[in-house]
Amino acid sequence: MRYFSRICLTLWILSSSAFSYAGEALLEYEVQGLEGSLLNNAQAWLGNAPESRSDRANFLATAEDRVADSLKALGYYHAIITSELERTEPVWSLQLNVIAGDPVLIGAISVQLKGEAAEDEAFMRLLEQSPFAEGEVFNHGDYERFKNQLLTLGQERGYFDAKFSESKVHINVVSDQADISLHYESGRRFRFGAVDYSQSNLDPEVLAALQPLQEGEYFDQSRLQFFQTQLQRTHFFSGIVIKPEFAKVKNYHVPLSVKLYPARSHSFDVGFGFSTDTQERVSFIWKTPLLNRYGHSQQTRISYSAVNPSGTFTYTIPLSHPLNDVLQLSARVENDKYGDVDSRQMEFGALREIREGKWVFSYSGRELDESWEVKDTKFDSRYALPGFAIARSNRGGSLVDPSSGFSQFYKLEGASADVGSDIDLLRATANFSYILTPAPQHRLVARTALGAVFISDDDRINLAPSLRFFAGGSQSLRGFGYQSIGNETDVIRDDGSRQTLVVGGDRLLTGTLEYQYYFTPLWRGAVFVDAGDAFNSTDFDLNVSPGFGVHYMSPVGAVRLELANSASDEQAEWRLVLNIGAEF
């Protein structure tokens, strides 16, 4: 029993000692004589310091070889490596002293393309970026990466029989020269075969419009990816799997199997929000992404806020392309407050939107019935408004926080008393946004809004508020209330006193210049000045609104909390402004 107790005590001491060092390094090491990429590579090959006695023993036994291999990978084959070890318990110290010596330089280079890839422009561009040049230091990593780039490009472009007929590097340690021989045999390039949509109920013409490739065209992985993106953007499907059927290849044609899993028939979203313009808002959205085999869809949106409750129904019909050419039929009812005018609108519209590259063209027609009241006088006007719009947006960097960009939008609408409208008018608007990042952490944003309604003086009183122009609010002049700037008119109150009401103008000119500085990737400060006016013809009166704020970069765009001053107002005051979203 006494002997058994001694054994247990010994085991307990050994286990306690072992556990006391668990998770702690038992060796410190330092590499002397190297710097830059040579040092970084040596440390990467050595790895982390060992945390157990057995790992420490293995580390010491292989340390010099690891450093030597790390240097050979970068072209240094004649390194002299010595080590000094101090066994100071519990943590030992190792110093590796390295003399790298002269590197091996690239000598003869033979990089050849054989087969159809020799005429492929993508391979020509890759060869132009070859990392090999005679007389430069040979780098094994560059050599292996270039080999992998050739193989990867071949797979992406349909050279499925490709191989290297010769792939070697001859190192002459006497002359310190590396001769490279890399011969790529591509064979024939495969082509797309038939596309099987056996699991889809969509009309074949709709699917054909979304398919950016045809049977017999050369295989290209990027076109498959674009194909999948096109299908995803329709929102018709919850899942998409495009699979090349290599087991069914015939005569170098690869059939494609497309499995489309339908999206939910209906989706419902409820949202809550707040802005300084419209105050609290609640919204309900009902979407039906695919109503029938022809790709029709609908969206019904009901929003409520104290300022502008509204309801909108939109029915979308694909024409020549489900994404790039669509017809939208819509119905809308909305109450809104423009300046000091309460407006009630009912609208029916049709719009055809065509995308060509980065340009978006829209042809529209809408029937607008709007009623409003100024003091005790009620107005009601009807308009038939054909229109045309064109837009383009370029951006760089993040979608929600672009580092650069330019957005432009132009719209022209008209109405005639001879064709379904109460008055004649021509309305033109234009909006521009510009973003520039001249240096890291520094960002500039500029915006301009222009508008004009051409109308006779006699008809101006019958121009609906939604067709006039107003300024002020979180998207305009931030130091002024929402749509509080516009042409003014005087009315007489019931008690005989005079009251000035903002009723909107037939011209608009506003602009913003803003400087932003990033304190961290998620936080930035901003200083800005907004200026402009909504006015009638030549009655321009410059309104200026400087301010500052802090922005937080959220996943849905910047959350902007700002203070702006109505500096040009006789009773200038500060306004708190809250905004969420990207600039465009």
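**Entry 1: terms and model**

I began by writing down that buried means under 20% relative accessible area, exposed means over 50%, and partly exposed lies in between, with a 1.4 Å probe and protein chains only. I noted that this is a predicted model, in which local features need pLDDT of at least 70 and side-chain atom pairs count only at pLDDT 80 or more, while totals for chains, interfaces and linings use all residues. I also noted that residues are numbered from 1 along each chain as its sequence is written, and that side-chain values use heavy atoms, with hydrogens and water left out.

**Entry 2: salt bridges**

I looked up salt bridges (a side-chain nitrogen of Lys or Arg within 4 Å of a carboxyl oxygen of Asp or Glu), and I found that the structure holds 25 of them.

I went to Glu562, which is joined to Arg478 by a salt bridge whose closest N and O atoms are 3.2 Å apart. Glu562 lies in strand 26 (residues 557-565) and Arg478 in the loop between strand 20 (442-454) and strand 21 (488-492), so the pair ties together parts that are 84 residues apart in sequence; strands here are DSSP runs of E with at least two residues, helices are runs of H or I with at least four, and both are numbered from the N terminus. Glu562 is buried at 1% relative accessibility, and Arg478 is buried at 3%.

Within it, Arg332 and Glu334 form a salt bridge with their closest N and O atoms 2.9 Å apart.

**Entry 3: aromatic rings**

I looked next at aromatic pairs, for which rings of Phe, Tyr and Trp (its six-membered ring) must have centres within 6.5 Å, with planes under 30 degrees apart counted as stacked, over 60 as edge-to-face and the rest as tilted. By this rule I have 25 aromatic pairs. Phe132 is in the loop between helix 4 (121-128) and helix 5 (140-156), while Tyr143 is in helix 5, 11 residues apart, and both residues are buried.

**Entry 4: charges over rings**

I last checked for charges over rings (NZ of Lys or CZ of Arg within 6 Å of the ring centre and within 35 degrees of the ring normal). The charged end of Arg56 sits over the ring of Trp92, 3.6 Å from its centre, and Lys147 lies over the face of Phe164, 5.6 Å from the ring centre.
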